Amino acid sequence: MSEEVALENLSYEDRAFAPSPEFVAQANATPALFEAAEKDRLQFWADQAAELHWDQKWNQVLDWQIPFAKWFIGGKLNAAYNCLDRHVNEGRGDRVAFYFEGEPGDTKVYTYKDMLREVSKAANALTELGIKSGDRVAIYLPMIPEAAIAMLACARIGAAHSVVFGGFSADSLSARINDATAKLVITSDGGFRRGAPFALKPAVDEAVKTTPSVENVLVVKRTGQESTMGAKDIWWHELIEKQSDQHTAEFFDSEHVLFILYTSGTTAKPKGIFHTTGGYLTQAAFTHKMVFDLKPAKDVYWCTADIGWITGHSYVVYGPMANGATQVMYEGTPDTPTKSRIFEIIEKYKVSILYTAPTLIRTWMKWGAEFPNSCDLTSLRLLGSVGEPINPEAWMWYREVIGGNRCPIVDTWWQTETGAILISPLPGITATKPGSAMGTLPGIVGKVIDDEEREVGNGGAGYLVLTQPWPSMLRGIWGEPERYAETYWSRFAEKYFAGDGAKLDKDGAIWLLGRVDDVMNVSGHRISTTEVESALVSHPAVAESAVVGAKDEMTGQAIVAFVILRGGVEHHEGEALVKELRDHVAKEIGPIAKPRQIVVVNELPKTRSGKIMRRLLRDVAENRAVGDSTTLADPNVMKLIQSGLSAGKSED
Ligand code: WTA
């Protein structure tokens, strides 16, 4: 090992799970997809686009002026038409689109016909408010059907939506409204979470004090709590009630902006990632059908992501609805009223495909198997994971306890920027390895390279890049074309750099190693946080862990680990457990990766989408004041961790 190595490849995994012959026999994806994409990539994508309804066909598949791509040029389509009218016109109107489950236990069922009616009324309402094609609309709602209805109503009339996650503050909301100069905000009085109503409207009232572009605020009544209605405010139900339920969709250019979605950047200013219509919808629908093996007339699909994240856009609204899927939508938290809530919902609706995040899987592990075991989960036939690297142990737990050893797992790698899944196993084709996202999907060209832009080859680790454009790629950062080029296309020549590290195992399978900003440098060895975290979680006492590099006089950086123990495991000050864990890491991946310090904590600092904020843990590990923690889901977590650290020094 030398300092030229971009990233060390430390851990090793040789378990593999091939799909069952029964699964293979019925799978949507076959090896012919790879052959077709290999033979002619652009024709392959054109074939996928042809699955959608186009009012006018494109005359050119791709225009690529690096880093700016246009797909299906000259084509015209409407995303909402593809998600609604097409199904109703072709006789699928009575199929359930959503089984909605409110946190308090209220339920509502929407068929595709119902959704078309609601979206048509909402489109008419937006038009009455003066919203036109090319305008921007901010959506700030809980996870309720109106969120999907509002998004599709915008798409129907050609207005770009900018969904802002309901957990964000008034300041974050106003910054996003102003960046996009949105004319309308769609919100609600509030929603239900952890057994109680929370308010959203007051944050909007606060935000719109500083957003001159906003002409109206449309308010869905969800909780019935007191809301102050000002001059710009209109109740959603009052406006919708008077609208016609007929609306003729207009068709827009393939490159018409469909939505903006903000992601936090390294600087304070969030990046307005924007996507356009034809390429995005093509790839969202294609990947949803193939990766999740969707059988639209049979499956009940449930993606637990909030509509405020890209996963909620691509794999709750656009992909599944373009495919005519039947879905579950749940408003609340997984532990309300009990830790079995998710499993009860799976049993109730006979969910067959579940798509969730490693953070939730590890939370379930921490709670213990008695909760999933108390429900009938035999309807499940496929499991998905997204958002973070999934540790092999969490993967195995997901497979055994949730999937009953019967369901293929798809670990899907993608980003807000990529719009759709790019790296994932294809169920029915891939023999999966626990913790690996396996390989690029057909039509995607990705590589792992070193600092000199050489491919690392099997057994090596480095930076994940994409060398060819793909239909659902971001078209830019809203209003900041230079920042777009600089952020994604400048580190390596003519390559999209995703910001993630990855390694290739001996068979060429791809293992994601986390953000390269998080990589630790211990005595000149660049070690990924993911590998050390996975080693810790492979110890039976550990449910979850976060690892950071802290400055160290001897080694440059030293590894500091924060661990959450599994339910039922006791830990006392100075106990042997810490030593055991350090030795365990050394045994699993080598002495170089042995943490200098291990701190047992009850919670880890996470963003609201469940990603660990290692930057804050680094501050703690280096005894600095903790930096900006405004995007934390629970702001108190850092105080608890700091007090835990000063109480229990576990160096030896
Ligand atoms: C991480 C979420 C490992 C990665 C769809 C990426 C993953 C970032 C995986 C994007 C996965 C997402 N394995 N890491 N399967 N999926 N990531 O924009 O670091 O919220 O760059 O999109 O999440 O997060 P975003």
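Glu622 and Lys551 form a salt bridge (a side-chain nitrogen of Lys or Arg within 4 Å of a carboxyl oxygen of Asp or Glu), with the closest N and O atoms 3.7 Å apart. Glu622 lies in the loop between α20 and α21 (637-647) and Lys551 in strand β28 (residues 542-552), so the pair ties together parts that are 71 residues apart in sequence. Helices (H or I, at least four residues) and strands (E, at least two) are DSSP runs, numbered from the N terminus. Glu622 is buried at a relative accessible area of 19%, whereas Lys551 is exposed at 62%; buried means under 20% relative accessible area, exposed over 50%, and partly exposed in between (1.4 Å probe, protein chains only).

The model is predicted: local features need pLDDT of at least 70 and side-chain atom pairs count only at pLDDT 80 or more, while totals for chains, interfaces and linings use all residues. Residues are numbered from 1 along each chain as its sequence is written, and side-chain values use heavy atoms, with hydrogens and water left out.

By the salt-bridge rule the count comes to 45. One of these joins Glu393 to Arg15, with 3.5 Å between the closest N and O atoms. This pair links distant parts of the chain, as Glu393 is in helix α16 (residues 392-402) and Arg15 in the segment before α1 (21-26), 378 residues apart. Glu393 is partly exposed at 22% relative accessibility, and Arg15 is partly exposed at 30%. Lys201 and Asp233 also meet in a salt bridge, at 2.7 Å from N to O. Lys201 belongs to helix α9 (residues 201-207) and Asp233 to strand β12 (residues 233-235), so parts 32 residues apart in sequence are tied together. Both Lys201 and Asp233 are buried. A network of salt bridges links Asp293, Lys295, Asp299 and Arg381.

For Glu146, in helix α7 (residues 145-157), the nearest side chain of opposite charge is Lys108, 5.7 Å away. Lys and Arg count as positive and Asp and Glu as negative; His and the chain ends are not counted. Beyond four places in sequence, Glu146 is in contact (heavy atoms within 4.5 Å) with Tyr110, Leu141, Val220 and Trp236. Asp189 is in the loop between β8 (184-188) and β9 (190-193), and its nearest side chain of opposite charge, Lys221, is 6.4 Å away.

The axes of helix α11 (residues 278-291) and helix α12 (residues 310-322) come within 8 Å and cross at roughly 85°. Axes are lines fitted to C-alpha atoms, for helices over the stretch in contact, and angles run from 0 to 180 degrees between N-to-C directions. The two helices α11 and α12 are therefore roughly perpendicular, a class covering 65 to 115 degrees. Gly324, in the loop between α12 and β17 (326-330), is buried at 0% relative accessible area.

Technical notes
Parallel < 35°, antiparallel > 145°, perpendicular 65-115°, else oblique.
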